[in-house]
Amino acid sequence: MRRIAAVIGLGLIGGSLALALKKHTDFTVIGYDACRQTRQLAEKSGELDGIADSLQTGVAEADIVFLAIPPGAIGQTVQQAAGHLKAGAVVTDVASTKGELLRIVPQLLPPGVCYVGGHPMAGSEKTSFIAANAQLFCGRPYIITRHQGVSESALAQLSAIAEQIGALPVVLEGEQHDPAVAHVSHTPYVTAAALTVLAGQGEQGQLHLALAAGGFRDMTRIASSNPSLWADICLTNKVEIKQTIARLKDILDTVESKLANGDRAGLTEFFQQAKQLRDACQSN
């Protein structure tokens with residue numbers, strides 16, 4: 001009997017995940033989205049095995065359920081789905097924050113259903129099922145979080161699925177996740193948004209943006225992402241993001257001091273350190 005994977009939420013990440021599961025695994029893939037228009041779009045594409053007309057029917061026969069919805073909506077969604085999950089099912093997510101989810105989701109699930117936190121480190125400034133791409137996860141880290149009482153077999157299952165869709169599974173302890181992504185995902189988004197607002201402010205704002213070339217566009221691309229989703233992400237990881245922003249301010253203060261003192265050697269050393277770190281990142 002073929003295993004069934006349900007993907008709840010068919011935006012960019014959920015849609016891409018559903019397409020990747022369909023293309024690269026032996027799962028029968030059922031999709032569901034709260035937006036009727038998105039369900040119709042996914043059904044019209046003919047890419048998936050089926051589109052459910054409700055959350056409950058979507059998860060009822062699933063061996064694994066992927067929740068590809070904003071982190072703030074996951075708790076309520078799990079509550080609504082819990083009574084319809086079959087024994088032995090695995091529930092996972094793709095949320096960008098994990099602290100609160102690791103505390104509440106296991107308690108909301110019925111006996112015999114296991115939760116494993118997941119977070120593919122992939123994305124785009126584009127949104128919706130239209131932008132979905134089965135290759136989105138290829139070569140990208142797929143974080144899988146371990147928490148007290150988690151099933152080792154469920155961890156192994158999600159790791160194997162991540163590999164099948166071309167991602168690189170990385171198992172982290174639950175408490176490691178949010179500080180890490182605050183540094184490499186959340187604060188970079190806030191910084192990109194701030195740089196964009198800075199450039200666009202004032203009487204010369206439109207001129208600044210019109211002159212923006214590749215470097216600025218590369219650095220601020222993510223500022224075009226879904227504002228509501230990012231507000232949700234930032235609020236669910238606000239402690240770690242605040243701490244990371246404070247460290248960034250300290251670094252900028254140091255650069256400002258070197259500029260004020262005309263410290264060319266100090267600036268060169270700082271930029272050299274950044275170059276070495278970035279080059280090492282590219283080679284990994």
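Biologist: In which strand is the place of Asp93?

Modeller: Asp93 belongs to β5, residues 90-93. Strands here are DSSP runs of E with at least two residues, and helices are runs of H or I with at least four, numbered from the N terminus. This is a predicted model in which local features need pLDDT of at least 70 and side-chain atom pairs count only at pLDDT 80 or more, while totals for chains, interfaces and linings use all residues. Residues are numbered from 1 along each chain as its sequence is written, and side-chain values use heavy atoms, without hydrogens or water.

Biologist: Why is Asp93 called buried?

Modeller: Its relative accessible area is 0%. Buried means under 20%, exposed over 50%, and partly exposed in between, with a 1.4 Å probe and protein chains only. Asp93 therefore counts as buried.

Biologist: What is Asp93 in contact with, leaving aside neighbours within four places in sequence?

Modeller: Contact means heavy atoms within 4.5 Å. Among the residues that meet this for Asp93 are Leu67, Ile74, Lys98, Tyr115, Val116, His119 and Tyr142. A polar atom of the Asp93 side chain also lies 2.8 Å from the backbone nitrogen of Ala95.

Biologist: What makes the largest nonpolar core, and which residues have the most contacts inside it?

Modeller: A nonpolar core is a set of buried Ala, Val, Leu, Ile, Met, Phe, Trp, Tyr and Cys residues joined through side-chain atoms within 4.5 Å. The largest one has 36 residues, and those with the most contacts inside it include Leu21, Ile64, Phe66 and Val116. Elements that give two or more residues to this core include β1 (4-8), α1 (12-24), β4 (64-67) and α6 (152-164). The most comes from α1, with 6 residues. Another core, of 23 residues, lies apart from it, with Ile8, Val59, Val65 and Val105 among its members.

Biologist: Why is Ile161 called buried?

Modeller: Its relative accessible area is 3%, so Ile161 counts as buried. Ile161 lies in α6. Beyond its neighbours within four places, Ile161 is in contact with Leu21, Phe27, Ile64 and Phe66. Ile161 and Ala20 are 141 residues apart in sequence, yet 9.9 Å apart in space, C-alpha to C-alpha.

Biologist: How do you know that β1 is joined to β2?

Modeller: Two strands pair if DSSP finds at least two bridges between them. β1 and β2 (28-32) have 5 and run parallel, with Ala5 and Val29 as bridge partners. β1 and β4 have 4 and also run parallel, and there Ala6 stands opposite Val65. Of the 5 residues of β1, 4 are buried.

Biologist: What makes the unit of β1, α1 and β2 right-handed?

Modeller: With the strands pointing away from the viewer, a right-handed path runs clockwise from the first strand over the helix to the second. The β-α-β unit of β1, α1 and β2 is right-handed.

Biologist: How do you know on which side of α2 its buried residues lie?

Modeller: In α2 (36-45), the buried residues are Thr38, Arg39 and Ala42. They cover an arc of only 100 degrees around the axis, so they are on the same side of α2. The arc is taken over directions from the helix axis to the C-beta atoms. Arg36, Gln37 and Lys44 are exposed on the other side. β2 and β3 (50-51) are included in what covers the buried residues. Just after α2, Gly46 has a positive phi of about 70 degrees.

Methods. Polar contact = N/O pair within 3.5 Å; in protein donor to acceptor, adjacent residues only side chain to side chain.
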